[in-house]
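Here is a short report on helix packing. Please have the sequence and the structure at hand.

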Amino acid sequence: MQLGIVGLGRMGGNISRRLMRAGHETVVYDRNTEAVSALAADGAAGVDGLAAMVRQLTPPRAVWVMLPAGKITEETVEALAGMMESGDIVIDGGNSYYKDDIRRAAVLREKGLIYLDVGTSGGIYGLERGYCMMIGGEKDAVAHLDPIFNTLAPGIGTIERTTGREGRDPRAEQGYIHAGPAGAGHFVKMVHNGIEYGMMQAYAEGFDILHNKMSEELPETERFTLDMADIAEVWRRGSVVSSWLLDLTALALAENETLSNFQGGVADSGEGRWTIEAAIEEAVPAPVLSAALYARFRSRREHTFADKLLSAMRARFGGHAEATIKKS
């Protein structure tokens, strides 16, 4: 099958490579000409712009946009919509806000075009592991592109099959689903990323407690020198907290147990915020996910005005001295 791919960064390039390994044809474009040349060397048809891509694709065309959420994705979808023909499909495989998907799908529908939103999880490991995909949009278009999704998905692999799934959609076991109408794919992926924030924060806090068991604030008899790398490794083996995130944690700690190669400022890419917004709209309590998001904000700020004000209040009402700032 033929697919155009716009955006050849960490995931877009490997999506193209995984498809080509299975015999699909990809037509690729990126503003970075070196990225285009690299994919062309691997067998893709490289082009120098969106118009050239549309000309090279055979109708009904399908173009997968793999760009950061926001202005650049908006402009790319709008440009493609002005070039493509009725029945063509535009796919946003990035992390766009689901409400933007609903709006874009309606606009493209008026032009006779079809819009799919594909929440794509797999990161830099997707080339070998495959990509978990949550797809929103028209059922017939999703079915038409099933060979693409099936190739990109990880497949059943070695994961034990879930009992009681007889008669249910078999695509979920393969690692992809048609979540619902336009916007549903990115909505499910958005909540997925919100959960990811919470899981990561739980691991981080737990290991921080282990790491500080040698604190001078503890009685000497209660201090332990714990091996972080070994604890991460043993938890991977039969523990109820085992996961791929723990696998990655074990790798990082094995390479550098003190994590001295990191400063600790944790970014957020937007999906965590949108998840909390959705929780507020639905009046669904989400204290863990909210706290995980706020912890990321906090990681990027030291000695904030709020900290100073807390110290000032404590000094005023109780004469309390400020705590010594520790660096770990």
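## Terms and model

Axes are lines fitted to C-alpha atoms, for helices over the stretch in contact, and angles run from 0 to 180 degrees between N-to-C directions. Helices are DSSP runs (H or I, at least four residues), as are strands (E, at least two), numbered from the N terminus.

This is a predicted model: local features need pLDDT of at least 70, side-chain atom pairs count only at pLDDT 80 or more, and totals for chains, interfaces and linings use all residues. Residues are numbered from 1 along each chain as its sequence is written, and side-chain values use heavy atoms, without hydrogens and water.

## α4 against α5

Helix α4 (residues 71-81) packs on helix α5 (residues 98-110) at about 15°, with the axes 11 Å apart. The two are therefore roughly parallel (angles under 35 degrees). In contact (heavy atoms within 4.5 Å), Thr-73, Glu-74, Val-77 and Ala-81 of α4 meet Arg-103, Arg-104 and Leu-108 of α5.

## The two sides of α4

Thr-73, Thr-76, Val-77, Leu-80 and Ala-81 are the buried residues of α4 (under 20% relative accessible area, 1.4 Å probe, protein chains only). Seen down the axis, they fall within an arc of 135°, so they line one face of the helix. The arc is taken over directions from the helix axis to the C-beta atoms. Their cover includes β1 (2-6), α3 (50-56) and α5. The face turned away carries Lys-71 and Glu-78, both exposed (over 50%).

## α10 against α14

The axes of α10 (residues 184-211) and α14 (residues 287-299) come within 8 Å and cross at roughly 75°. That makes α10 roughly perpendicular to α14 (65 to 115 degrees).

How values were computed:
Parallel < 35°, antiparallel > 145°, perpendicular 65-115°, else oblique.
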